[in-house]
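Subject: Structure handover

Hi,

Here is the structure for you to work with. Please open it first, then read on.

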Amino acid sequence: MPKSTFYNLKNEKKQVLIEAAKKEFSRVSLYEASISNILKSAGIPRGSFYQYFEDKEDAFFYLLNEHANERHEQFLSNLRKLNGDVFEAVTAIFIHTLERSHTEGQNNFIKNVLMNMNYKIETAFTKFLSREELDKRYEEVNALVDFNSLNISGHQQLYHLLQILSAVTFHNLVHSVSNELSIEEAVSKYRFEVSMLKAGLSKSSL
């Protein structure tokens, strides 16, 4: 996590540093990224960087956590707009994230994240559907979800449904970017897999 001095920065200076870090992590992976390039873009001395972050990994995961927080807010907003339809709410996030990965410029941060994945990065990327985040806003999420359209009940089963959707969403994002699928191809494949989940994959025994 960033140090308190980072949060105490004036918003303008904070944004300059954030954009400089995003620019570098959009250019290369975390492990290839250079603090020197971030310093040059932000126009700050090396000592200042370490007043704000422990190291480049700290800066990277700050950006990734901010992305996850955005996605959680988007998830709640989608539930409101889509009458509590969990499947469509997550599908809208998939499409939005995919579109961002296709955008040129600094939004290539998302594409670089997807192309250089490990377990720690995946956990941070999908944090918005984690038990921790859902527990924080349990009442709000439960009130928004249309349970009448689902063959589940309660917070526990909802959590596991979202974990399954998160895994399908994440896999499809990585697959789409790695194989350079068009947005249309990627969305078609994703919707097909989600439709299979909605329909169920096992015949009911009589």
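Below are the notes on the fold, the surface and the salt bridges.

This is a predicted model: local features need pLDDT of at least 70, side-chain atom pairs count only at pLDDT 80 or more, and totals for chains, interfaces and linings use all residues. Residues are numbered from 1 along each chain as its sequence is written, and side-chain values use heavy atoms, with hydrogens and water left out.

Fold

The chain has twelve helices and zero strands. Helices (H or I, at least four residues) and strands (E, at least two) are DSSP runs, numbered from the N terminus. Along the principal axes, the C-alpha atoms fill a box of roughly 70 × 40 × 30 Å. Take the contacts (heavy atoms within 4.5 Å). Among those between residues at least 6 apart in sequence, 67% join residues at least 24 apart.

Surface and burial

Of the 206 residues in the chain, 45% are buried. Buried means under 20% relative accessible area, exposed over 50%, and partly exposed in between (1.4 Å probe, protein chains only). The accessible surface comes to about 11200 Å², and 50% of that belongs to carbon and sulfur atoms. Accessible areas come from the Shrake-Rupley method with a 1.4 Å probe; for residues, only the protein chains shown count as cover.

There is a nonpolar surface patch of about 480 Å². Its members are Ile-164, Phe-192, Met-196, Leu-197 and Leu-201. Patches are made of residues with over 30% relative accessible area and no salt bridge; like charges are joined within 9 Å, nonpolar side chains (Val, Leu, Ile, Met, Phe, Trp, Tyr) within 5 Å. Helix α12 (residues 183-199) gives the most to the patch, with three residues. Leu-197 lies in that helix. Leu-197 is partly exposed, at a relative accessible area of 31%.

Glu-19 lies in helix α2 (residues 11-27). With 27% relative accessibility, Glu-19 counts as partly exposed.

Charges and salt bridges

The chain carries 24 positive and 26 negative charges, and their mean positions are 4 Å apart. Lys and Arg count as positive and Asp and Glu as negative; His and the chain ends are not counted. The place of a charge is NZ of Lys, CZ of Arg, CG of Asp or CD of Glu.

The whole structure holds twelve salt bridges. A salt bridge is a side-chain nitrogen of Lys or Arg within 4 Å of a carboxyl oxygen of Asp or Glu.

- Arg-27 and Glu-24: the closest N and O atoms are 2.8 Å apart. The two are three residues apart in helix α2, so about one helical turn separates them. Glu-24 is buried, with a relative accessible area of 4%.
- Arg-100 and Glu-70: the closest N and O atoms are 3.7 Å apart. This pair links distant parts of the chain, 30 residues apart: Arg-100 in helix α6 (residues 86-101) and Glu-70 in helix α5 (residues 56-81). Arg-100 is buried at 16%, whereas Glu-70 is partly exposed at 42%.
- Glu-133 and Lys-127: the closest N and O atoms are 4.0 Å apart. Glu-133 counts as buried at 6% relative accessibility. Lys-127 is buried too, with a relative accessible area of 19%.
- Glu-73, Arg-80, Arg-137 and Glu-140: salt bridges link these residues in a network.

Best wishes
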